[in-house]
Amino acid sequence: MTAPSDLTPGRPLVFRNATVLTMDDAHNVEDGADVLVSGDRISAVGKSLEVPEGTAEIDGTGGIVMPGMIDTHRHMWQTAMRGYGADWTLTQYFVWNYLQWGKSFRPQDIYAGNLLSAIEAIDAGVTTTVDWSHNLQTIDHAEAAADALQEVPGRFVLAYGNIQAAPWEWSAAPEFRDFVARRFGGGNDMLGFQMAFDVPGNPEFPEKAAFEVARDLNVPVTTHAGVWKVTTDEGIRLMHEHGFMTPSSVYVHAASLSEDSYHRIAATGGSASLSTESEQSAGQGYPPTWKLREHGIGVSLSMDTSVWWSADLFSAMRATLSADRAREHLEAHARDETVTHHKLRAEQVVDWATRGGARALGLDSLTGSLEPGKKADVVLIKNDASPVMFPLLNPYGHVVFQAQRGDVHTVVVNGRVVKYDHRLVGTDLAKARQVVGETVEYLKGELGPQAWHEGMHPEIPETRVLDNPYTYTYTQE
Ligand SMILES: [Zn+2]
């Protein structure tokens, strides 16, 4: 077996004898195949590859090699409060984020959340993550966010936002432009940039100025769209009529929109980022794959926030496939019909978790599939100690419904091994543990024990259990 010390950066690396999901245009699947990584690129995919002398080997027998997964929307700073809001609704989240705790986050707290989230991403085989960073109250906050992302050997996109100020204000600040030029001027494909803000539908369209900044900087805009009663069809209409809907636009959630809005998105070539665990439990609207499929709108997957949900795309794929099928059955039953053949397949959601993300981010020429010449962002799913890894009959189905993040054996990002034999390589988890601990202590102190407790345990509305006509009691004779 290859020792972790053999996996030095720059040394060629080959995965041997795995089931390879290339996710190329033909969705070619190869059994018993190899993937060769040379430098930061994939140099070959095929059976019994000849490799340069000194190539490190990773045995993929019994495992699945697939492209690194891509998350197009994650509020990484919120990972500092992992799981805290598990029982929230969107309303409770907004109170927390906009009115109470969001403001308390200092630059070091943004750093702490981002650091942990970034490490968590690569550990789960998510090799590219968009940090939808909407609490950058000062440039110091933004520097802290970017510092954390650059400290972790994953591919990231900083989507710059600030919910504590209006987008037409923060994007007009000279220090914002200065920050972008300073940290994103070099064409570094390990750290990309987007602007992140929402368009609630004010008829004056004050967001126009922020869109103009994005156009001027030539950066994409990502926006929460179709969030029930929060961002509506009006926002889509205004964006469209002012010419700001482009193929690089990412519409997060894109639920509860009208046919007209979906037509506008489809016509302008933008894509939707689905966070199905989020849409199902927070209330933005029903996860809209069934609508997006009808309109031919591109889909990528995302996890939204670990203040509520998991941050691995196995969960995203599973939830998304299940939600689409649940909707299909429910609608059929309402017509007194039975669904005999599912429309959405496991293969498609694996595509959304890989290629879909690459397309959404304009990175399709670099990542999202295992093809010679592309950057080497590679995941090996293999767990010899698990009863769930065999038999391996339907690899797409296995990825979606059987595998989970604990089965991620090896992760390579940009040709560098960042996880091997289920252990992170070259990442300082102890540091993340320490800084997140400090942030939690600080936030607890700011709010006090009562508010801390109440925030985590929202009141439960009363549920009346119906009188049951079949209830009876035995009587003794
Ligand atoms: Zn979000």
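**Entry 1: the zinc site**

I looked up the geometry around the zinc ion first, and with angles of 80 to 171° among its four donor atoms the site is irregular. I noted the rule behind that word: four donors are tetrahedral if all angles lie between 85 and 135 degrees, four count as square planar and six as octahedral if opposite donors are over 155 degrees apart and all others between 65 and 115, and anything else is irregular. The model is a predicted one, in which local features need pLDDT of at least 70 and side-chain atom pairs count only at pLDDT 80 or more, while totals for chains, interfaces and linings use all residues. Residues are numbered from 1 along each chain as its sequence is written, and side-chain values use heavy atoms, with hydrogens and water left out.

Which residues coordinate the zinc ion? I found His73 (NE2), His75 (NE2), His224 (NE2) and Asp304 (OD), at 2.1 to 2.5 Å. Donors here are N, O and S atoms within 2.8 Å of the metal (3.2 Å for Na, K and Ca), and as water is not among the atoms, sites may look incomplete. Along the sequence I read the spacing of the donor residues as H-x1-H-x148-H-x79-D. Histidine 75, in the loop between β6 (69-74) and α1 (90-100), and aspartate 304, in the loop between β13 (298-301) and α11 (313-334), are 229 residues apart, and this pair links distant parts of the chain. Both histidine 75 and aspartate 304 are buried, where buried means under 20% relative accessible area, exposed over 50%, and partly exposed in between (1.4 Å probe, protein chains only).

**Entry 2: strand β10**

Five of the five residues of β10 are buried, so the strand is largely enclosed by the rest of the structure. Val221, Thr223 and Ala225 point one way from β10, whereas Thr222 and His224 point the other way.

**Entry 3: helix α7**

I listed the buried residues of helix α7 (residues 233-241) as Gly235, Ile236, Leu238 and Met239. Seen down the axis of α7, these buried residues fall within an arc of 165°, so they line one face of the helix; the arc is that of the directions from the helix axis to the C-beta atoms. Their cover includes α6 (208-217), β10 (221-225), β11 (250-253) and α8 (259-268). Just after α7, I saw that glycine 243 takes a positive phi of about 80°.

**Entry 4: helix α13 and its surroundings**

Is helix α13 (residues 395-402) largely enclosed or exposed? Six of its eight residues are buried, so I recorded α13 as largely enclosed by the rest of the structure. The buried residues of α13 pack against β1, β2 (29-38), β5, α11, α12 (346-360) and β14, with contact meaning heavy atoms within 4.5 Å. Among these elements, strand β1 (residues 13-21) and strand β5 (residues 64-67) run parallel and are joined by two bridges, while β5 and strand β14 (residues 378-381) pair in the antiparallel sense over four.

**Entry 5: salt bridges**

Side chains of opposite charge can pair when their charged atoms come close. I used the cut-off of a side-chain nitrogen of Lys or Arg within 4 Å of a carboxyl oxygen of Asp or Glu, and a search of the whole structure finds 36 salt bridges. Lysine 291 and glutamate 259 meet in one of them (2.5 Å, N to O); lysine 291 sits in helix α10 (residues 289-295) and glutamate 259 in helix α8, 32 residues apart. Lysine 291 counts as buried at 16% relative accessibility, whereas glutamate 259 counts as partly exposed at 37%.

Glutamate 331 forms another salt bridge with arginine 327, the closest N and O atoms being 2.8 Å apart. These two residues both lie in helix α11, four residues apart, about one turn of the helix. Finally I noted that Asp40, Arg41, Arg155, Asp189, Lys375 and Asp377 are linked in a network of salt bridges.

Terms used. Two strands pair if DSSP finds at least two bridges between them.
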